[in-house]
Amino acid sequence: MRQAQLFETPEPEPVPEGERVQVLLPVPSLGVLDYAVPEHLVGQVKEGAIIEVPLAGRMAVGVVWDQVPGNGKPLPYSKLKPVNRVLDLPPVRLDLRRFVDWVSAYTLSAPGPVLRMGLSASSALQAVPVRRHFVRTVQPTDGIRMTPAREAVLKVLADGTPRVASEVAALAGVSDAVVRTLEKTGLVEGRDISVDLPYPQPDVGRVGPELSDEQKLAAKAIADKVWEGGFAPFLLDGITGSGKTEVYFEGLVEALKAPGAQVLVLVPEIALTSQWLERFEARFGVAPVVWHSEVGQAERRRAWRAVASGDARVVVGARSALFLPFQNLAFITVDEEHDPSFKQEDGVLYHARDMAIVRAKLADCPIVLASATPSLETLVNADEGKYQKLVLRERHGSAVLPEMKAIDMRHEPPDAGTWLSPLLVREMEATLAAGEQSMLFLNRRGYAPLTLCRTCGFRIECPSCSAWLVEHRFRHELQCHHCGHVEPIPTACPECKNEETLVACGPGVERLFEEVKHRFPTARTSVMTSDTMMSPSATAHMVQQIASGHLDIVIGTQIVTKGYHFPNLTLVGVVDADLGLRGGDLRAGERTYQQLVQVSGRAGRAEKPGRVFLQSYEPEHPVVHALLSGDGEAFMAAEKAARDRHHMPPFGRLVALILSGPEMADVLETGRMLASKAPVERGVSVVGPAPAPMARVRGQHRFRLLVHTTKIIKVQPLVRAWLSRIKAKRGVRIKVDIDPYSFM
Ligand code: ADP
Ligand code: ZN
């Protein structure tokens, strides 16, 4: 035995294992990866640190994540790639990391793409560019050869302000070279200064308007919670023009009194921001930090970094602002919380209002959901006592809610080829004569929703979607509103080749414009749609034109419903009140109601009372009835009862699976496979696969399955397990939409 032992190789000394970290990369389907921490970075690679690591032959930026359990057997240390460097940025805080995990788990999306929304300012992650500025040093000129040019430069710099060479040169009337040679003498010193200027700080010391009693009550409830800190959700339910903004501004003021505290205001679309920004500026002396998809790279970097450093105190943004790296988030407001655009319909499918609640919970701060027409989801949460409800019943000052009337189009039909009933035309005439403004609302872009051949009946369709092409007469083209395909308007029918046989069917806002121009040739008329308001500045300009009375008649799509305040607007005409109800999904009634209340809410917001006319072929419909009677509460109560009866959201749950791919047979087959493996469980039912209403988009065939469950069932594990039981056919994508809002 002894002998044998002599030959036994000794246990190898274990190679000392270095530090390892888990890193989340903003890349789809990678999950959290392990990396080695090289000697020189030990102690620096902390949780939340933003770091650079090698990935597939290049460098990628990721975030040091926490211990993620169940990630399989870890790779041996020797196999790990080393972290390259730690970026000079504040670490991503725990509350944002947990938020990314939460959104990922809830939406069944990989965490990478969720994190990407938080790191969506790629330029922010790189070093901020600097520009060389010059200042005068204290060194005396003794012994240095002075020229008039040099004297001139020193004179310019005498005030101590750092200036770039070209500016100094221009002011001194010399060439740039003079400044640079002076640097060599030591009389002038170069300093690299970041090109990103700090944001000016809002002045919360300014006094706001005197609040009414009900406003005061609501503002105090919010401000008290902000002062206390901790998660506290509110529903601020106030009619249009009741001063909801003034009320949540008080919460914002309270939050900003605490040093370093940050505030986030989510708004549905950039459309809202121009007036909102002016108002903020009027109240706090400076503009807030703005965050949305139109913000350019340089400004994005500046904003992202200012949020991360805590410098940005107030951020107003679209839904993606939720993922900004706040240091000290102390208060959130979601304005117009009912707005459908809070649901993101591509990439990670999430509802920003719902996720804002989660963000507030994780940041442990109060949140206000504000609306004149709260969503049923939010109303139910308030009824159940989860949200504290604050109500504003009166318009500010002497303003009252507009008077509403239906125009029964069966009895007051418009002339052939026109869309405005004689009654509405008379009201517009009267409004013009009184020097006041009218707004016509029609939620249809373009000239006509359909182009048809009178000879053969051919309808012009998009080559890659199941959708009609919409005529845009201003631009002389036909456009698909689903994929953006455009083509010139043909002169002959593509099918039967007959000339001058194509006709436009139905109205869009451009066609309405034509009618208004014809009826009121001298009125100053404009169309407000996403086609005419391509940029925030174009929107701001148009809004300014209306607010200042430079327009008499405004024709708009849903874009005009968004919270604007036009004091001289006294007439609103809803051209087709039934439009949103056709082909209705689960929320068609609720959405139409909200939209029409919002558009009506544009009328009579100042001293002059407003009137609203709803053109309808079905004025007895509950939605129209609710609008006329002003009894929205009864309408929403009826909606609620109906949803409850059918276990529809928020009393039950829906999950949509959207399958798409280039080959219809493969998509359908995958759908059938899914259906055959569908979960069999009490309280769960699955329908489909059925061709989606938009059966083809961008050449991709689409099928849908819909899962309906009772409220207590946890749908995420159910769907996750279900998906793991099948393998999709090649080229078929399966998109999971938890709590779907679109059923197209
Ligand atoms: P909402 O957001 O509820 O539609 P707003 O906050 O936009 O209402 O208020 C409507 C208008 O009334 C705005 O011009 C606002 O400045 C004004 N307003 C509201 N409350 C007050 C107040 N207490 N004092 C002065 N002006 C007010
Ligand atoms: Zn198309």
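A: Two definitions come before the site itself. Donors are N, O and S atoms within 2.8 Å of the metal (3.2 Å for Na, K and Ca), and because water is not among the atoms, sites may look incomplete. Four donors count as tetrahedral if all angles lie between 85 and 135 degrees; four count as square planar and six as octahedral if opposite donors are over 155 degrees apart and all others between 65 and 115, and anything else is irregular.

The model is predicted, so local features need pLDDT of at least 70 and side-chain atom pairs count only at pLDDT 80 or more, while totals for chains, interfaces and linings use all residues. Residues are numbered from 1 along each chain as its sequence is written, chains are lettered from A and ligands numbered from 1 in the order in which they are written, and side-chain values use heavy atoms, with hydrogens and water left out.

The part to look at is the zinc ion (ligand 2), which is coordinated by the SG atoms of C462, C465, C480 and C483 at 2.3 to 2.4 Å. The angles that these 4 donor atoms subtend run from 107 to 113 degrees, which makes the arrangement around the zinc ion (ligand 2) tetrahedral. Along the chain, the donors follow the spacing C-x2-C-x14-C-x2-C.

With a relative accessible area of 4%, C462 is buried, while C483, at 22%, is partly exposed. Buried means under 20% relative accessible area, exposed over 50%, and partly exposed in between, with a 1.4 Å probe and protein chains only.

A disulfide is a pair of cysteine sulfur atoms within 2.5 Å, and a search of the whole structure finds 0 of them. For C453, the closest cysteine sulfur belongs to C493 and lies 3.6 Å away, which is too far for a bond. C453 counts as buried at 1% relative accessibility, and C365 is also buried, at 1%.
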